Amino acid sequence: MQHAISVNKLTKTYDGGFTALQEVNLDIENGEILALLGPNGAGKTTLISIICGLVTPTTGSVTVRGNDIIRDYRAARQLIGLVPQELYVETFETVWATVNYSRGLFGKKPDPALCEKILRDLSLWDKKDSRILTLSGGMKRRVMIAKALAHEPQILFLDEPTAGVDVELRKEMWQLVRGLRDRGVTIILTTHYIEEAEEIADRVGVINHGRLLLVEEKAELMRKLGRKRLTVALSTPINVLPQMLTRYDLAIEDGGRQLVYSYNTQDERTGIGSLLADLNREGIPVKDLDTEQSSLEDIFVSLVEEAR
Ligand SMILES: Nc1ncnc2c1ncn2[C@@H]1O[C@H](COP(=O)(O)OP(=O)(O)OP(=O)(O)O)[C@@H](O)[C@H]1O
Ligand SMILES: [Mg+2]
C-alpha cells in the first residue's frame, strides 16, 4: 500500500552553508502516530517544513500519498495540516473567523458544523467570538490546531505541540490526537521528551545533527532507552569486587567510594533487590542510594557510537 509519506535521501543545506539534514530516509504509514524525538537544532522543524513545502530541499525527494511535494505541490499540500512550532495567529480576528478562513484557503466550501465540532473538541467553543489577541498561550496553540484541521487533512504535523501547554491540557491534547488517529488521520509530532514520545507514539524516530538515527516501534525503543544507573554510596571504600558481585553490571567509581549499577527499567527483574541483599551478605555497608535515568544526550551518544 502507498505510504502516507515517503522521504528519500533528503538533504538540506541552508543558504549559509549549514547542513541541517543529511540523507534522511523515512516512510510514514497511514494512520500511525510517529514522534520525532531530538534535541534543539536536530533538524526536526526543517524536515517538517520541507514535507509541507515551506523549505526547499537541496537534494532528495518527498512524496505525500504518492504526490511529489514539488511537482504535485497542491495535491500534496491539500492532504496536510500543519501546526507550526512558532505561534503566529491573526491577533485581531476572532477564533471563529480564523478557523473558517483557514478552510477557505484550501478552496473548501464553508462547513460551519465541522468548524463547530473542531472547536468543541479543542474546548474552544466558548471562545469562538473572542479575538485571538485576548487568549492565553495554550488557547492560541489550540487555535493553531483548529486552523490546521479546518480543511480536513489526512496527515497532521504537530511541531512541539506541548510547548507551553499545562499538564491538564496536554492530556486533552493527547486524547484529541488519538481520536484523530482512530479516525484514520496520520500524525507526526516532534518532541524533546522521551516520556512524551512514550505516552503518545506508535513509532519513534530519533534525530540528531540532521541524521535520522533510527525509527522503531515504541516498545522496542523504550526497551533500549529504558536504562538507568543506580549509584550506591559505600560507608567504607572497596578496591575490588567480591566474587559474589561480579555477576552484576557494576563499576567501582570515586576511589572505591561508590558502585554504579546499570539496569533496564523495562526488565521484569531489575536485579536491584538481589544486589542490595548480596552487598549486605558480603558485609559492605551502604550509605546512600541514587538512581538516574539515562539522559537523551547519553542515548544519542550511545546511538551515534553504535552507528559507527
Ligand atoms: N533558515 C535557516 N537558515 C540557516 N540555518 C537554519 C535555518 N533554519 C534552521 N537552521 C539551522 O538548522 C538546524 C536545524 O534546525 P531545526 O529548526 O530544524 O531544528 P529542530 O530540531 O526543530 O530544533 P528545536 O527542537 O530547537 O525546534 C539548526 O542548526 C538551525 O540553526
Ligand atoms: Mg523545531
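Reader: What makes strand β4 and β5 count as paired, and in which sense do they run?

Author: The model is predicted, so every value is computed from it. Strand β4 (residues 59-64) and β5 share 2 bridges. Pairing needs at least two bridges, so the label holds. The sense is antiparallel. One of the partners is known by name: T63 bridges to D68 in β5.

Reader: Where does that pair sit in its sheet?

Author: The sheet is open and has 4 strands, in the order β2-β1-β4-β5. Its pairing is antiparallel.

Reader: What makes β2 and β5 edge strands?

Author: Each of them pairs on one side only. That holds for β2 (19-28) and for β5 (67-68).

Reader: How do you know that helix α1 is largely enclosed?

Author: Count its buried residues. In helix α1 (residues 44-51), 7 of the 8 are buried, so the rest of the structure largely encloses the helix. The buried ones are K44, T46, L47, I48, S49, I50 and I51. Just after α1 comes G53, with a positive phi of about 80°.

Reader: Why is I51 called buried?

Author: Its relative accessible area is 3%. The cut-off for buried is under 20%, so I51 qualifies. I51 belongs to helix α1.

Reader: Which residues does I51 touch, leaving aside its neighbours within four places in sequence?

Author: I51 is in contact with I5, V7, V62, V64, I69, I80 and F157. Contact here means heavy atoms within 4.5 Å. As for S61, it is 10 residues from I51 in sequence, and the C-alpha atoms are 9.3 Å apart.

Reader: F157 is on that list. What makes both faces of its strand, β7, count as covered?

Author: Look at each side of strand β7 (residues 155-158). I155 and F157 lie on one side, L156 and L158 on the other, and all are buried.

Reader: Which strands pair with β7, and how many bridges join them?

Author: β6 is joined to β7 by 4 bridges, and the two run parallel. Strand β8 (residues 186-191) also pairs with β7 in the parallel sense, over 4 bridges. F157 stands opposite L82, and it also stands opposite I188 in β8.

Reader: What is the volume of the largest pocket, and which residues are closest to its centre?

Author: The volume is about 360 Å³. Of the 14 lining residues, R77, L82, Y88, L105 and K147 are the closest to the centre.

Reader: Which elements supply the lining, and what is its make-up by class?

Author: β6 (80-83), α3 (95-105) and α5 (137-149) each give at least two residues. α5 gives the most, with 3. By class, the lining holds 8 nonpolar, 3 polar and 3 charged residues.

Reader: How many helices and strands does the protein chain have, and how much of it is buried?

Author: There are 10 helices and 14 strands. Of the 308 residues, 45% count as buried. The C-alpha atoms fill a box of roughly 75 × 45 × 40 Å along the principal axes.

Reader: What share of the contacts join residues at least 24 apart?

Author: The share is 69%, taken among contacts between residues at least 6 apart in sequence.

Definitions and conventions:
Residues are numbered from 1 along each chain as its sequence is written. Chains are lettered from A and ligands numbered from 1 in the order in which they are written. This is a predicted model: local features need pLDDT of at least 70, side-chain atom pairs count only at pLDDT 80 or more; totals for chains, interfaces and linings use all residues. Side-chain values use heavy atoms; hydrogens and water are left out. On a 1 Å grid over the protein atoms alone, a cavity is a set of points where a 1.4 Å probe fits but cannot get out, and a pocket is an open set with protein on both sides within 12 Å along at least five of seven lines; lining residues have an atom within 4 Å of a point. Grid points are joined across faces, edges and corners, and a volume is the space filled by probe spheres set on the points. Ala, Val, Leu, Ile, Met, Phe, Trp, Tyr, Cys and Pro count as nonpolar, Asp, Glu, Lys and Arg as charged, and the others, Gly among them, as polar. Buried means under 20% relative accessible area, exposed over 50%, partly exposed in between (1.4 Å probe, protein chains only).
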